[in-house]
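Me: I would like to go through this structure by question and answer. Please show it first.

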Amino acid sequence: MVVTVVMTTYFTPEVPKRQEYAKQAVESLTRHLVCDERLRLAVSDDSKDAFQPITHDLICMGWKDSYSTNSDHHGIGASLNHAMRHLGSDSAYWMYTTDDWVLEAPLNLDGPIKLLRDREYDLVRLGPIHPNLPC
């Protein structure tokens with residue numbers, strides 16, 4: 001089984017720093033994301049085709065079988081939908097992140113996957129617990 005990490009991107013000539021942010025995001029994911037299942041990166045780009053070399057560089061930084069999709073500037077919803085259509089039958093689980101989010105410490109996905117698989121949760125939100133939840 002594969003866990004696909006779907007990362008949305010949008011590059012524009014007006015903000016060249018976004019390319020560096022995306023590289024930092026992928027580096028942090030490959031360094032800190034932990035899982036017993038195989039991990040794969042899917043870069044879901046909403047830029048124009050001119051930025052394809054950047055997305056190629058990003059997937060080369062990711063795990064084996066990483067890939068990219070492009071929704072040709074139709075918005076983040078279209079970008080995510082496009083990525084979801086390409087998950088593949090071997091990817092029962094997926095995680096969503098953005099190109100400007102850096103994982104600064106190890107994050108183990110085994111617990112969330114166990115909740116999804118064994119406890120039949122539909123969704124597990126990763127991140128800080130809301131301060132008003134009594135759990």
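Me: Which residues does Leu80 touch, not counting residues up to four places away in sequence?

Reply: This is a predicted model, in which local features need pLDDT of at least 70 and side-chain atom pairs count only at pLDDT 80 or more, while totals for chains, interfaces and linings use all residues. Residues are numbered from 1 along each chain as its sequence is written, and side-chain values use heavy atoms, with hydrogens and water left out. Touching is contact, meaning heavy atoms within 4.5 Å. With residues up to four places away left out, Leu80 touches Val6, Thr8, Ser44 and Tyr96.

Me: Is Leu80 buried or exposed, or in between?

Reply: Leu80 lies in helix α3; helices (H or I, at least four residues) and strands (E, at least two) are DSSP runs, numbered from the N terminus. Buried means under 20% relative accessible area, exposed over 50%, and partly exposed in between, with a 1.4 Å probe and protein chains only. The relative accessible area of Leu80 is 21%, so the residue counts as partly exposed.

Me: In what order do the four strands of the open sheet stand?

Reply: Strands of a sheet pair through backbone hydrogen bonds, either parallel or antiparallel. Here two strands pair if DSSP finds at least two bridges between them. The pairing in this open sheet is parallel, and its order is β4-β3-β1-β5.

Me: Which strands stand at the edges of that sheet?

Reply: An edge strand has a single partner strand, so one side of it is left without a neighbour in the sheet. The twist averages 25° from one strand to the next, where axes are lines fitted to C-alpha atoms (for helices over the stretch in contact) and angles run from 0 to 180 degrees between N-to-C directions. The two edge strands are β4 and β5.

Me: How many bridges join β1 to β3?

Reply: Strand β1 covers residues 2–9 and strand β3 covers residues 38–45, and they run parallel. Val2 has Arg38 as its bridge partner in β3, and Thr9 stands opposite Asp45.

Me: What is the bridge partner of Asp45 in β4?

Reply: β3 is joined to β4 by four bridges, and these strands run parallel. Seven of the eight residues of β3 are buried, so this strand is largely enclosed by the rest of the structure. In β4, the partner of Asp45 is Asn70.

Me: At what angle to β1 does helix α1 run?

Reply: Helix α1, residues 17–32, lies across β1, β3 and β5. The angle between α1 and β1 is about 165°.

Me: And what angle does the direction of α3 make with that of β1?

Reply: α3 also packs on the sheet, where it touches β1, β3, β4 and β5. Its direction makes an angle with that of β1 of about 155°.

Me: How far apart are the closest N and O atoms of Asp65 and Arg38?

Reply: Asp65 is in the loop between α2 (52–61) and β4, and Arg38 is in strand β3, 27 residues apart. Both belong to a network of salt bridges that also includes Arg40 and Asp90. In the salt bridge between Asp65 and Arg38, the closest N and O atoms are apart by 2.7 Å.

Me: What is the area of the nonpolar surface patch made by Ile76, Trp94 and Tyr96?

Reply: Patches are made of residues with over 30% relative accessible area and no salt bridge, where like charges are joined within 9 Å and nonpolar side chains (Val, Leu, Ile, Met, Phe, Trp, Tyr) within 5 Å. Trp94, in strand β5 (residues 93–98), has a relative accessible area of 44%. Accessible areas come from the Shrake-Rupley method with a 1.4 Å probe, and for residues only the protein chains shown count as cover. The patch made by Ile76, Trp94 and Tyr96 has an area of about 310 Å².

Me: What is the phi of Asp72?

Reply: Asp72 lies in the loop between β4 (67–70) and α3 (76–85). Asp72 is not a glycine, yet its phi is positive, at about 50°.

Note on methods: Salt bridge = Lys/Arg side-chain N within 4 Å of Asp/Glu carboxyl O.
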